[in-house]
Amino acid sequence: MIHIYYFSGTGNSLFIARKLNESLANSKLIPILNILKNPQNKVDVEKVIFVFPVYALTIPLPVRDFLASSDFSSVQYFAAVATRLGLYFNDFKRIDKLLKTNKLNSYFLLNMGSNDVKIKNYSCPSEEKIQALEILNLSEISRIIKIIINSENSREIDSTYLEPEC
Ligand SMILES: Cc1cc2nc3c(=O)[nH]c(=O)nc-3n(C[C@H](O)[C@H](O)[C@H](O)COP(=O)(O)O)c2cc1C
């Protein structure tokens with residue numbers, strides 16, 4: 001059994017989580033915000049995938065709270081998929097720390113449409129831009145799915161960022 005835990009502000013991460021759910025047999029999609037109402041959650045499945053957006057170069061607070069308050073000690077394989085607008089990211093290690101007894105086996109970054117409206121001169125991504133990103137991301141999701149099915153380790157440094165480290 002695979003649990004896919006997701007947090008999504010505007011739907012990008014939910015889109016990815018749904019695609020993973022459609023392609024991974026015996027998987028279940030679970031909103032992290034629902035689990036937050038049930039702290040001290042014991043996760044008793046073979047594999048777990050976390051899907052969330054990057055916020056302020058790190059992991060969103062509800063995701064951190066969920067990780068800190070859950071018991072993953074019997075899980076054998078962990079993967080994380082972070083969606084973002086494209087700023088350099090180097091904080092999957094925060095998840096390693098919060099898992100306490102384990103480490104992420106694999107992690108992945110997907111560049112998607114930006115919802116960060118506080119950025120100067122923000123404009124909503126065009127339909128064409130979203131479609132182009134979707135083609136790239138669907139191909140990357142196929143690669144991610146194979147890695148997860150085969151329980152492979154894939155901890156690559158960020159090489160797909162659009163903006164370097166600030
Ligand atoms: C408050 C906030 C902070 C963000 N910070 C970052 C960031 O540090 N790096 C980045 O690449 N994208 C950042 N983004 C963009 C989102 O991560 C990106 O658009 C993501 O795909 C949104 O996913 P969602 O629709 O599942 O919420 C930020 C967005 C918001 C709203």
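1. Which residue of strand 2 does Tyr6 stand opposite? Tyr6 stands opposite Pro31. Strand 1 (residues 2–6) and strand 2 run parallel and are joined by five bridges. Two strands count as paired if DSSP finds at least two bridges between them; strands (E, at least two residues) and helices (H or I, at least four) are DSSP runs, numbered from the N terminus.

2. On provenance: this is a predicted model, in which local features need pLDDT of at least 70 and side-chain atom pairs count only at pLDDT 80 or more, while totals for chains, interfaces and linings use all residues. Residue numbers start from 1 along each chain as its sequence is written.

3. The sheet is open and holds six strands in the order 2-1-4-6-7-8, with parallel pairing. Its edges are strand 2 (27–31) and strand 8 (154–155), each of which pairs on one side only.

4. Strand 6 (residues 77–84) has seven of its eight residues buried, so it is largely enclosed by the rest of the structure. Buried here means 20 or more other C-beta atoms within 10 Å of the residue's own, with C-beta atoms placed from the backbone. Of the 166 residues of the chain, 26% count as buried.

5. Strand 4 (residues 47–53) runs parallel to strand 6, and seven bridges join the two. In this pairing Lys47 stands opposite Tyr77.

6. Strand 6 also pairs in the parallel sense with strand 7 (residues 106–111), over six bridges. Ala82 stands opposite Leu109 of strand 7. From strand 6 the chain crosses through helix 4 (residues 93–99) to strand 7, a β-α-β crossover that is right-handed (with the strands pointing away from the viewer, the path from the first strand over the helix to the second runs clockwise).

7. Helix 1 (residues 12–23) lies across strands 1, 2, 4, 6 and 7, and runs at about 155° to strand 4. Axes are lines fitted to C-alpha atoms, for helices over the stretch in contact, and angles run from 0 to 180 degrees between N-to-C directions. Contact means C-beta atoms, placed from the backbone, within 7 Å.

8. The chain has five helices and eight strands, following the pattern β-α-β-α-β-β-α-β-β-α-β-α-β along the sequence. Its radius of gyration is 15 Å, close to the 15 Å that the globule rule gives for 166 residues, so the chain is as compact as a globular protein of that length. The radius is taken over C-alpha atoms, and the rule is 2.2 Å times the number of residues to the power 0.38.

Methods:
A residue is buried if 20 or more other C-beta atoms lie within 10 Å of its own, exposed if 12 or fewer, and partly exposed in between; C-beta atoms are placed from the backbone. Two residues are in contact if their C-beta atoms, placed from the backbone, lie within 7 Å.
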